[in-house]
Amino acid sequence: MVFKRKHILWPLLLIFLLFSGIAVYWGKIKIPLADCRSRLRSIAFSLVQYTADYEGEFPPGNDAKGLNILVSTGFLVDKEIYICPAAGRPVYCYLAGASYRWKDCPVVFEPPGTHPGNRVNIGFTDCRVEEFKLPKSVDSVKKLIVYLAEQAKEPEVREFLLKNANEFSKERLQ
């Protein structure tokens with residue numbers, strides 16, 4: 001009888017360890033990533049609402065300058081939404097100057113390195129937010145924008161992103 005119990009306990013122990021490992025994975029990686037995705041979806045939705053009231057134009061000014069316009073014009077009520085749960089501080093990046101007609105154009109995103117595994121959430125002009133697993137070589141905001149430009153299908157979007165890659169990185173340094 002003792003011999004049989006040992007054989008039953010090992011598989012049960014292995015199953016327990018497997019599920020606890022999955023729980024740790026979800027707690028440390030997936031939950032903050034999902035929370036950030038939800039915040040970015042709210043920001044993207046507010047950006048689209050802004051374009052409806054401002055003749056199709058997104059807020060002027062890259063990064064915090066453009067995002068703060070959403071609060072000052074009442075499209076977002078609380079600046080706390082800009083705080084990334086994974087980083088504990090505002091890290092979201094915004095690219096001004098996109099056209100609402102470009103459905104596949106990234107406008108708001110997290111910088112690389114915010115989440116483990118080089119994962120980022122990216123919000124598009126159509127309110128869609130997607131999770132991307134970036135190559136290890138994409139380790140800065142400028143490289144992320146260039147990477148997104150390489151993935152873009154529309155020439156206008158590609159041109160917009162490449163133009164902003166240099167301007168955006170200069171603004172972030174100031």
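Reply: First, a word on terms: on a 1 Å grid over the protein atoms alone, a pocket is an open set of points with protein on both sides within 12 Å along at least five of seven lines, and its lining residues are those with an atom within 4 Å of a point. Bear in mind that this is a predicted model.

With that in hand, the largest pocket comes out at about 150 Å³. Its lining is made up of 10 residues, and the ones nearest the centre are Ala64, Tyr82, Pro90, Val91 and Tyr92. Sorted by class, that lining has 6 nonpolar residues, 3 charged ones and 1 polar one. Helix H2 supplies the largest share, with 3 residues.

So what does H2 look like? The helix spans residues 64-72, and isoleucine 69 is part of it. Isoleucine 69 counts as buried because its relative accessibility is 19%, and the cut-off is under 20%. Once you set aside the neighbours within four places in sequence, isoleucine 69 still touches Tyr50, Pro59 and Pro60. Phenylalanine 58 is 11 residues away along the chain, and its C-alpha sits 10.0 Å from that of isoleucine 69.

Now follow the numbering past Tyr92, one of the residues nearest the pocket centre, and you reach strand S3, residues 93-94. S3 belongs to an open sheet of 4 strands, ordered S3-S4-S5-S6 and paired antiparallel. S3 and S6 (129-133) are the edge strands; each has a single partner, so one side of each goes without a neighbour in the sheet.

Going across the sheet, S3 meets S4 through 2 bridges, antiparallel, and cysteine 93 has phenylalanine 109 in S4 as its bridge partner. The next step takes you from S4 (residues 106-109) to S5 (residues 119-124), an antiparallel pair held by 3 bridges. Proline 106 faces phenylalanine 124 of S5, while valine 108 faces glycine 123 of S5. As background, strands of a sheet pair through backbone hydrogen bonds, either parallel or antiparallel.

The loops here are worth a look too. Asparagine 118, in the loop between S4 and S5, has a positive phi of about 55° despite not being a glycine. At 16% relative accessibility, asparagine 118 also counts as buried. In the loop between S5 and S6 you find cysteine 127, another non-glycine with a positive phi, this one about 75°.

What about the cysteines? Cysteine 93 is buried, at a relative accessible area of 0%, and cysteine 105 is likewise buried at 0%. Even so, the structure holds 0 disulfides.

To place all this in the chain: there are 4 helices and 6 strands, running α-α-β-β-β-β-β-β-α-α from the N terminus. Of the 174 residues, 42% count as buried. Among contacts between residues at least 6 apart in sequence, 52% join residues at least 24 apart.

Notes: Residues are numbered from 1 along each chain as its sequence is written. This is a predicted model: local features need pLDDT of at least 70, side-chain atom pairs count only at pLDDT 80 or more; totals for chains, interfaces and linings use all residues. Side-chain values use heavy atoms; hydrogens and water are left out. Buried means under 20% relative accessible area, exposed over 50%, partly exposed in between (1.4 Å probe, protein chains only). Contact means heavy atoms within 4.5 Å. On a 1 Å grid over the protein atoms alone, a cavity is a set of points where a 1.4 Å probe fits but cannot get out, and a pocket is an open set with protein on both sides within 12 Å along at least five of seven lines; lining residues have an atom within 4 Å of a point. Grid points are joined across faces, edges and corners, and a volume is the space filled by probe spheres set on the points. Ala, Val, Leu, Ile, Met, Phe, Trp, Tyr, Cys and Pro count as nonpolar, Asp, Glu, Lys and Arg as charged, and the others, Gly among them, as polar. A disulfide is a pair of cysteine sulfur atoms within 2.5 Å. Two strands pair if DSSP finds at least two bridges between them.
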